Amino acid sequence: MPTTLITGGTVVSSTGRAEADVLIDGETIAAVLAPGSALLGHDLKSSVDTVLDAAGKYVIPGGIDAHTHMQMPFGGTEASDTFETGTRAAAWGGTTTIVDFAIQKYGERVMDALQSWHEKADGECAIDYGFHQIIGDVNDDSLKAMEGLIGEGVSSYKMFMAYPGVFYSDDAQIYKAMRVGADTGLMTMMHAENGPAIDAMVAELLAQGKTDPYYHGVARAWQMEEEATHRAIMLANLTGAPLYVVHVSAKQAVAQLAAARSNGQNVFGETCPQYLYLSLEDQLGAPGFEGAKWVCSTPLRSKQEHHQDHMWQALRTNELQMVSTDHCPFCMKGQKDMGVGDFSKIPNGIGGVEHRMNLLYQGVVDGRISLERWVEITSTTPARMFGMYGRKGAITPGADADVVIYDPAGHTSIGLEKTHHMNMDYSAWEGFEIDGHVDTVLSRGRVIVDGDQYLGSKTHGRFLRRDPSQYLI
Ligand code: DUC
Ligand code: ZN
Ligand code: ZN
């Protein structure tokens, strides 16, 4: 087994930092040692196969993006990143694990859907990957099938309170599925927006000739998110199901989660970089059809109402527990442009799997979060939340050697011409400047990114069987 020693760096965990060397044996972390340690009388530097110098740099557990949609069929098209291109882009940005969504369409059997997602991803991924299961058709058969998901290494499922006629579940269906969630230990994930009311408002706006991308954000008002979040929390409370609300963007929805948590309920929330940095006014409201680049759901929120500051604050106070991307890229040409003259036909989604680690690190530089909290919300908590901890999310003996060497003195200019490996014809993050740089990325002991060189392969990533959540109160 090849051995690697990462020397001279500052190893950062969710609880602290220390100068330490990291010894990797094959695919796993063998030891975290005082700098310059010898082991059984052997000088490690001269005994290992590879030495990686991390002097002046942070050594952190590889990022875990627990919310991606590679090649997702949606909005009359398909998300433009395949598992191959999307996981490669993730690796470039210091993310070494994704959890994507297998989709049960209406009329389809759950296990058939899961199998077809295995077929899409198998042999195509640069990094390790797991699946959540989307339940798009709650019926007796799918409720029964849900009982077998943990046995398949899929310990979470997602439902939608939005998108009537596509993925939508009504309250009775949610109630029934949550009963299974409570009984089996599956984590219930929820897209919490009131879809029927949103669709009524979309029709009203279009009838008034309000067709620009900006109105996507108007139709999906924060009241629709707050109401659905509250309803999901109440149904979870009634059934005893643990609940994880995806892509929280409204401060009012955070307040609902915080109230439930202070009541002792197992309720969690993620936000995404777009809700920390981007806004209804500046991006969705960009002139002409430009705003389509940032059409996603939940939508970007008003800067005037300070939702973005609230998301950062909620991350600091653990009212929100982690940050994923909801990576769901579409090109402007041939995809987003289906909605010229009708915002409701713009495929919903933003690509960002490549930039999450950097964008969140900028939050450290800007004094929004601590260095340790950065590691916690991008890696350690996702591992614990979704049953991967022990193998992922920490640099600790026995864990997979998924490691990023991050240079705080480096710099990253985000943009299509500069740092862009996602399969999109634009960057939603064009022009963002980051005071840090992903230097080296290891996935299970193998260097897959080294400076400006990609050394990975699409057959390296493995399906990750996950356990039930290790985060419950
Ligand atoms: N929201 C998006 O923006 N894209 C994919 C699905 C979703 O809920
Ligand atoms: Zn969603
Ligand atoms: Zn999503």
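Visitor: What makes the pair formed by Y163 and ligand 1 a polar contact?

Guide: In this predicted model, a polar side-chain atom of Y163 lies 3.3 Å from an oxygen atom of ligand 1. The cut-off for a pair of N or O atoms is 3.5 Å, so the pair counts as a polar contact.

Visitor: Which backbone atoms lie at such distances from a nitrogen atom of ligand 1?

Guide: A backbone N or O atom of S297 is 2.7 Å from a nitrogen atom of the ligand, and a polar backbone atom of N348 is 2.9 Å from a nitrogen atom of ligand 1. The protein covers 100% of the 240 Å² of accessible area that ligand 1 has on its own.

Visitor: Where does ligand 1 sit, and which residues are around it?

Guide: Ligand 1 sits in the largest cavity. The residues around it include F74, F160, H191, H247, C296, D326 and C328. By class, this shell has 5 nonpolar, 5 polar and 1 charged residues.

Visitor: How far apart are the zinc ion (ligand 3) and the zinc ion (ligand 2)?

Guide: The two zinc ions, ligand 3 and ligand 2, are 3.7 Å apart.

How values were computed
Residues are numbered from 1 along each chain as its sequence is written. Chains are lettered from A and ligands numbered from 1 in the order in which they are written. This is a predicted model: local features need pLDDT of at least 70, side-chain atom pairs count only at pLDDT 80 or more; totals for chains, interfaces and linings use all residues. Side-chain values use heavy atoms; hydrogens and water are left out. Donors are N, O and S atoms within 2.8 Å of the metal (3.2 Å for Na, K and Ca); water is not among the atoms, so sites may look incomplete. A residue is near a molecule or strand if one of its heavy atoms lies within 4 Å of it. A polar contact is a pair of N or O atoms within 3.5 Å; within protein, one must be able to donate a hydrogen and the other to accept it, and residues adjacent in sequence count only if both atoms are side-chain atoms. Accessible areas come from the Shrake-Rupley method with a 1.4 Å probe; for residues, only the protein chains shown count as cover. On a 1 Å grid over the protein atoms alone, a cavity is a set of points where a 1.4 Å probe fits but cannot get out, and a pocket is an open set with protein on both sides within 12 Å along at least five of seven lines; lining residues have an atom within 4 Å of a point. A molecule sits in a cavity or pocket if more than half of its atoms lie within 2 Å of its grid points. Ala, Val, Leu, Ile, Met, Phe, Trp, Tyr, Cys and Pro count as nonpolar, Asp, Glu, Lys and Arg as charged, and the others, Gly among them, as polar.
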